[in-house]
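Open the model in your viewer and keep the selection tool ready.

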Amino acid sequence: MQSFLNFVENSVAHNASDRTLRSAAASFADSLRMAQAEVPTVDNVSGWIAAMAISGLKPGSRRKYIGAINSLYRDWAIDNDAENPFEEAKRIPISEAEDSVDRVSENLRMVDRLLKVSTTSSDFEAVALFLYLLYNPVASLRDIILLKFSDGIPSVPQIEDIIEAMRSMSRRRYVFPLDQGKKREGQIVRDTLHLLSTTLSAYGFDFGGEFSRDSIAALWIAAALKAGVSLVEIRAAIGSIPKEYAHLSMIQHGQLTEGERLRILSRVADQINDGASRWFVMRLRHGVTPDDISEAVEMLLPELHKEMALYYPTHTVVSLDKKGKRVKEEKPYLPGVLFFRLRKDKVATLFSCIGDMAWCYRWTNAPDSPYCAIPTYEMRAFQRHVGAFSPDIRMELVTRDEPLAVNQTVRINGGGLMENRIGVIRSIRNNNGTRTYTLALSEREFATWTVKDIEEVFIEPVNP
C-alpha cells in the first residue's frame, strides 16, 4: 500500500485544476515533513491545524483544507479500520485567529527602539528588565525579583550583556532594584508590571489595554516563528501559552535537553538582537603578541577597546637555567591563538585596523563566510577547564582533513553497552581514564585538551 503522502500527491496530479486541494495538500505535506512523520496521527494533524491558525489562515479556509485531506484519507484507508485522525481533529473548535497576533508582530518591530536605549538613560533599568524577560521566556516575574548576580543564568550572550550592564551600575546584591525587602512580593509584581507597561507605551508599544508576563512571552513566540523555530520546539521552550497563540495548546508538549534549550534561546535572541557580544578567535601573525594587539586597538579604536575583552590562556613552566636555578615562565597553551569578546557587528571594523597584525577565524575559507563565534556555554566550559589545568593535561591545535559539521550526529559502533546508539559528540573518554574535549575554532580547526575524567567536584546542577 502506497504511503498517504504519495497518495495525496497523486490525487493532486489527477486534479490539477482543484486549487483548494492543491493548497491543502501542500500545507499538509509541509506540516507532516516538519513533524518527521509518515502517517497522520491526531497529534500531527492537530499540529497542522495549529500551524494554519498561527500563520493567519482564515477559519473557513482551514475547514476546507481539513475536509479535502480528510476525504483523501478516507479513500486511502478504505480497507483500514483504524481511527481517522482527521475526524478526531474536526472536533477541535476552529475559532478566529486572534486579531492581537498582528499587534504582537507590530510590537516586535518596536523592540529595535529599546535596543538603542543608553545605560545613562533613566529608562535603562526598566528596558533591561523587559529584555531579560523577552530573551528568557520561562523566567517569571518572581524569578526577576529574586535574581541575584550570584545566580546562574542561561548562557545566552544577550542575557549576559544585560547582567554585565546592570553589574556595572551598582554593587547591589539583586540584579534589578525593585525595592526588595521594602515591599511585599505581590506589590513588587504589580509595580513592576506597571513600570514595564508605562515604559513600553512611551516607546510605541500597544498591548490593547492588557499587559502581563504573557504579553512578553507572545513577543518571544513571534520572534521564534520569524527565526524558523518549529512549533514543537516553541511549545517545549515556553511555560504558559499566551492567549495570542492559544492554538499552541494543540501541539504535543515535548521535552528539550539543556543544550537544545540554549540553542533555541540563542537563535531567538539573535533574531531579536544580533548585536550582542560573543567570543571570537584571531590568529596572531608572526612576532605579534596579545599585548601588541591590545595596545594597537587602544590607540586606533579607543572606544572599541573599552568594550573588548582578550583571553590568552597560559600555564607556568618551571625549568633550570645554566646555573641550575629554577626559572618560571608563562607559556601559552595555544601559541598565536587569541580569544576576544566583542559585538559581532564590530569585528569587521576591528580587523580593518589590525589586519596586518592578525586575522579572524571564519567557519570556512570563503571570503564571505561568517566569523566563527564560540557559543558562550562552550567558552565557559573551556575557561573552567583551563583554570583547572595541571601538568597531566595535553593541549594542541588540530586541523581535520575532512571537516565535521557543528553538533554532528554520530552512531556509536563499539564499546558494548552503548553500541549502535545515536548521539552528538561533546567529549571523548580515553582508555587511560582521561577525557578529551574539543572546542571548534572554525569549520576545520579545533583546540583539543585532555584531562583526567571529570570528578564530582567539577559537576554542578544546571538551572532550567
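**The whole chain**

Of the protein's 464 residues, 42% count as buried. Remember that this is a predicted model. Colour by secondary structure: the protein has 17 helices and 12 strands. Now think about contacts between residues at least 6 apart in sequence: 64% of them join residues at least 24 apart.

**Stop 1: two helices**

Select residues 124-135, helix α7, and residues 157-169, helix α9. Their axes come within 10 Å. They cross at roughly 155 degrees. An angle over 145 degrees counts as roughly antiparallel, so α7 is roughly antiparallel to α9. The crossing of α7 and α9 is left-handed.

Which residues in α7 and α9 meet? Show side chains. From α7 come Phe124, Glu125, Ala128, Leu131, Tyr132 and Tyr135. From α9 come Gln158, Ile159, Ile162, Ile163, Ala165, Met166 and Met169. By class, this contact of α7 with α9 has 11 nonpolar residues, 1 polar and 1 charged.

**Stop 2: an edge-to-face pair**

Next, look at rings. The whole structure holds 18 aromatic pairs. Select Phe28 and Trp48, which form an edge-to-face pair. Their ring centres are 5.1 Å apart, with 75 degrees between the planes. Phe28 sits in helix α2 (residues 19-34) and Trp48 in helix α3 (residues 42-54). The two residues are 20 apart, and the pair links distant parts of the chain.

Are these two residues buried or exposed? Phe28 has 1% relative accessibility, so Phe28 counts as buried. Trp48 also has 1% relative accessibility and counts as buried.

**Stop 3: a stacked pair**

Move on to Phe280 and Phe340. Their ring centres are 5.7 Å apart and their planes stand at 25 degrees, so this pair is stacked. Under 30 degrees is the cut-off for stacked. Phe280 belongs to strand β1 (residues 277-284), and Phe340 to strand β5 (residues 337-343). Phe280 is buried, at a relative accessible area of 0%. Phe340 is buried as well, with a value of 0%.

**Stop 4: an aromatic cluster**

Which residues form one aromatic cluster together with Phe28 and Trp48? Show their rings together, and the tour is done.

Note on methods:
Residues numbered from 1 in each chain as written. Predicted model: local features only at pLDDT ≥ 70, side-chain atom pairs only at ≥ 80, totals over all residues. Heavy atoms only, no water. Axes fitted to C-alpha atoms, helices over the stretch in contact; angles between N-to-C directions. Helix = DSSP H or I, 4+ residues; strand = E, 2+ residues; numbered from the N terminus. Parallel < 35°, antiparallel > 145°, perpendicular 65-115°, else oblique. Left-handed = near helix turned anticlockwise from the far one by under 90°. Contact = heavy atoms within 4.5 Å. Nonpolar A, V, L, I, M, F, W, Y, C, P; charged D, E, K, R; others polar. Phe/Tyr/Trp six-rings, centres within 6.5 Å; stacked < 30°, edge-to-face > 60°. Buried < 20%, exposed > 50% of the residue type's maximum accessible area, 1.4 Å probe, protein only.
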